[in-house]
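Hello,

Here is the structure I promised to pass on. Please open it beside this email and follow along.

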Amino acid sequence: MTEVKQLVQDLADQFGRSQESLLPILQGIVTKEQHISEDAMIEVARELNISAAHVYGTATFYSFLNTKPLGKYVIRVCKTITCMMHGKNQIIKELEAVLKVNLGETTHDGKFTLLETNCLGQCHKGPAMLINDTPYTELTPDKVREIIMMYRDKELRVN
Amino acid sequence: MTKKQLQRLDLIFKNEHDIEEILTKTFSKSNEEIINDLISSGLKGRGGAGFPTGLKWKLASEEETDSKYIICNADEGEPGTFKDREILSRVPHKVLAGMAVCARLIGARQGYIYLRGEYVFLRPQLLEVINEFHQLLDKIGLDFRVEIFLGSGAYICGEESALFESMEGKRGEPRNKPPFPTQQGYKSKPTVINNVETLAHTYSIFKYGADKFKDLGVQDSRGSKVFSVSGDTPIPGIYELEFGMSLQKFVDDFADGDAKAVQVGGASGFCVPRKKFEKTVIGYQGKLRGTSLPTGGSMMIFNSSRSMYNVLHNYLDFFVEESCGQCTPCRVGTQQLLLGIEAVKKGDQPSSYLDKLMELAEAMRITAKCGLGQSVANSFSSIVENFKEEMIY
């Protein structure tokens, strides 16, 4: 059995096989693999006995359910009004410089992806960003550099 | 001379841990009494639409069916709003208490908190509180369980019927209404869906009584409201204030002394220019161009250094991305409005083109299927009307 098949089966065992389990299962795949591959979608459709087109349509509707491969750490910088007013563009520039990627790209080592997103609900502490599930607020270029260093250190320790 | 500050309230965030006592006290009352309390308190939905909460519970309680649901809407996606996150992280037990009372009243055994994906970091601590709460429910003998359902980054899922679709494992596309959620909601069963703040307020009503709640506020806007204040202010954050204040008073207290406009109700709300601060009252009665003010509680302050063109451009960019794409007026309308203001700014279109765009926005208000598409006209028209020169030059 392939790895993705096993993952989908485990998730279906955990959340159930009714259509109501679709989002939790897709979220589970993203947590594990950072994105939902076509193979994974077909597996989900088979497990839940719904069409693959339905799975695809649902997955592509939600901005946090990535269907393209992303890095291990997905950085989502809030681009909505108050974060923009408080210097979101500087934060993006700094991240681009530190990571050596453009907005929307993934680093060569596959560790970081830099994205923009809509309101994170941290408007009083803008600019704000999410790295995977963790919010970081009141960002400054210096602070951003430190945060990325912290993640890089973490990666070095793992390897 | 010292200016009189707006009265800051501390009802919602007061740390009270007498849930068991309040639930036992409330459960000793009849359903009619509870509903009457809620209706006479004047509590209305705090998500923005303002539907009377007592009436919603009453309608759901009258439906006869085998299963019903109570859902707490924590898909707070409106730009400039962050109060629900604060309530869920500081006083989640009050929200759960409100859900439990509703569950017993309408006869639901299952409840959900639909938590937006951006707030997934709250889940571990919420689960702990829910577990404790389940133990309390067992103790007082109420057969009711609450689960967390996570969203995945779609603004539209804050619309109640889109939220149901999302929970049912579908694209978050709003349904036609009627039927309303109290008739056919989640899994086509009668469902009460309330905003986080609304549920927290019901706790205060059960504890302090309807009269105390009703004493706050004005006319049809009763009680207090949690406001999310951001933008050009030295003191951004969460403030609980009484309904009925004038926007001028609000600006005196919160702005940096140079406010030129306040966006009330987020990107789907209204932009009020300086000259109208005095006349604008915050509350469901606050009449702005004949429509009542959306009261999700988002207050974004812009000072004179801000370009209102950039503000509007940012909103439209947001709507283009968040439109679910189901109905044409919203899908195409949002894109055309964005292209339109860009064309006027560049000089590719004459300034009179702005009137055409306003007509389009008004057409969207009438023809779009859900609140998202209908409310684009709120911010669009109020910004273009009041800051026309900034759109052109």
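Start with helices α12 (residues 328-346) and α14 (residues 371-386) of chain B. In this predicted model, their axes lie 9 Å apart and the helices pack at an angle of about 25 degrees. Angles under 35 degrees count as roughly parallel. α12(B) and α14(B) are therefore roughly parallel to each other. The crossing of α12(B) past α14(B) is left-handed. From α12(B), the contact uses Pro329(B), Cys330(B), Gly333(B), Thr334(B) and Leu337(B). From α14(B) come Leu372(B), Gly373(B), Val376(B) and Phe380(B). By class, that contact has 6 nonpolar residues, 3 polar ones and no charged ones.

On the α5(B) side you will find Pro92(B), His93(B), Leu96(B) and Ala100(B). They meet Leu126(B), Val129(B), Ile130(B), Phe133(B) and Leu137(B) in α6(B). This contact counts 8 nonpolar residues, 1 polar residue and no charged residues.

Next, the sheet in chain B. In what order do the 4 strands of this open sheet stand? The order is β3-β2-β1-β4, and the pairing is parallel. β3 (145-150) and β4 (191-195) of chain B are at the edges. Each has a single partner strand, so one side of each is left without a neighbour in the sheet. From one strand to the next, the twist averages 20 degrees. Look closely at strand β1 (residues 69-74) of chain B. It runs parallel to β4(B), and 5 bridges join the two. Find Ile71(B), and its bridge partner in β4(B) is Ile193(B). Helix α8 (residues 196-208) of chain B packs on the sheet, where it touches β1 and β4 of chain B. The direction of α8(B) makes about 90 degrees with that of β4(B).

There is a hairpin to see as well. Strands β9 (residues 259-264) and β10 (residues 270-273) of chain B run antiparallel, joined by 4 bridges. Val262(B) has Val272(B) as its bridge partner in β10(B). The hairpin has 5 residues between the strands. Gly265(B) takes a positive phi there, near 95 degrees.

Then step back to the domains of chain B. Chain B is divided into domain 1 (19-214), domain 2 (217-303) and domain 3 (308-392). Taken over C-alpha atoms, the centres of domain 2 and domain 3 of chain B are separated by 22 Å. Their contact takes 8 residues from domain 2 of chain B and 12 residues from domain 3 of chain B. Which strand gives the largest share of the domain 2 side? β10(B) does, with 3 residues. The domain 2 side of this contact divides into 6 nonpolar, 2 polar and no charged residues.

Chain A comes next. Chain A has 7 helices and 4 strands. Along the sequence, they follow the pattern α-α-α-α-β-α-α-β-β-β-α. The C-alpha trace of chain A spans about 50 × 35 × 25 Å along its principal axes. The domain assignment of chain A gives domain 1 (3-61) and domain 2 (73-158). The centres of these two domains, taken over C-alpha atoms, are 28 Å apart.

Last, see where the two chains meet. The contact takes 29 residues from chain A and 38 residues from chain B. On the chain A side, α2 (22-33), α4 (52-61), α5 (81-85) and β4 (134-136) each supply at least two residues. α5(A) gives the largest share of that side, 4 residues. The chain A side holds 14 nonpolar, 13 polar and 2 charged residues.

Best wishes

Methods. Residues are numbered from 1 along each chain as its sequence is written. Chains are lettered from A and ligands numbered from 1 in the order in which they are written. This is a predicted model: local features need pLDDT of at least 70, side-chain atom pairs count only at pLDDT 80 or more; totals for chains, interfaces and linings use all residues. Two residues are in contact if their C-beta atoms, placed from the backbone, lie within 7 Å. Ala, Val, Leu, Ile, Met, Phe, Trp, Tyr, Cys and Pro count as nonpolar, Asp, Glu, Lys and Arg as charged, and the others, Gly among them, as polar. Two strands pair if DSSP finds at least two bridges between them. Domain bounds come from an automatic or database domain assignment. Axes are lines fitted to C-alpha atoms, for helices over the stretch in contact, and angles run from 0 to 180 degrees between N-to-C directions. Angles under 35 degrees count as roughly parallel, over 145 as roughly antiparallel, 65 to 115 as roughly perpendicular and the rest as oblique. A crossing is left-handed if the near helix is turned anticlockwise from the far one by less than a right angle, and right-handed if clockwise.
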